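Biologist: I would like to learn how to read a structure step by step. Could we begin with the overall layout and then go on to the details?

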Amino acid sequence: MTFRPFYFALILMCALGSAHATTPKEQYNTETREAADRYAEDMAICKEERDRKKRAQCSKVAKDAKIKSLGEALARLGKAPKVNATK
């Protein structure tokens, strides 16, 4: 299972979302909605996986990506410390 389309969509949506927001709060709201939408799409893909271990790993990756996206959005808003990109 590859997540290349997921990462491409993530980058594309961040670029498009930040281009339309006019205030930091609007940008945060946009990024939050996009993160929730991506998470829902990723979970739908994960549910299609037959292997239990792969499904669990897929769910973990989707959840981690959502948490990271929300943390980065908060950091851009100025309400939280920056998210460490390396774990």
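Modeller: The secondary structure of this chain comes to three helices and zero strands, where helices (H or I, at least four residues) and strands (E, at least two) are DSSP runs, numbered from the N terminus. Read along the sequence, the pattern is α-α-α. Please keep in mind that this is a predicted model, in which local features need pLDDT of at least 70 and side-chain atom pairs count only at pLDDT 80 or more, while totals for chains, interfaces and linings use all residues. Residues are numbered from 1 along each chain as its sequence is written, and side-chain values use heavy atoms, with hydrogens and water left out.

Biologist: How does one check the length of a helix, and what span should the 25 residues of α2 have?

Modeller: The expected span of a helix is 1.5 Å times one less than its number of residues. For the 25 residues of α2 that gives 36 Å, which agrees with its end C-alpha atoms being 36 Å apart. The 26 residues of α3 should span 38 Å, and the end C-alpha atoms of α3 are 37 Å apart, which agrees as well. After α3 comes G78, whose phi is positive, near 95°.

Biologist: How are helix α2 and helix α3 placed relative to each other, and at what angle do their axes cross?

Modeller: Axes are lines fitted to C-alpha atoms, for helices over the stretch in contact, and angles run from 0 to 180 degrees between N-to-C directions. The axes of α2 (residues 24-48) and α3 (residues 52-77) come within 9 Å and cross at roughly 180°. That makes α2 roughly antiparallel to α3, because angles under 35 degrees count as roughly parallel, over 145 as roughly antiparallel, 65 to 115 as roughly perpendicular and the rest as oblique. The residues of this contact divide into twelve nonpolar, four polar and nine charged; here Ala, Val, Leu, Ile, Met, Phe, Trp, Tyr, Cys and Pro count as nonpolar, Asp, Glu, Lys and Arg as charged, and the others, Gly among them, as polar.

Biologist: What is a disulfide, and how many does the structure hold?

Modeller: A disulfide is a covalent bond between the sulfur atoms of two cysteines, and here a pair counts when its sulfur atoms are within 2.5 Å. The structure holds one, which joins C46 to C58 with an S to S distance of 1.9 Å. The pair links distant parts of the chain, with C46 in helix α2 and C58 in helix α3, twelve residues apart. The link of C46 and C58 is left-handed, with -75° about the S-S bond, and both cysteines are buried.

Notes
Buried < 20%, exposed > 50% of the residue type's maximum accessible area, 1.4 Å probe, protein only.
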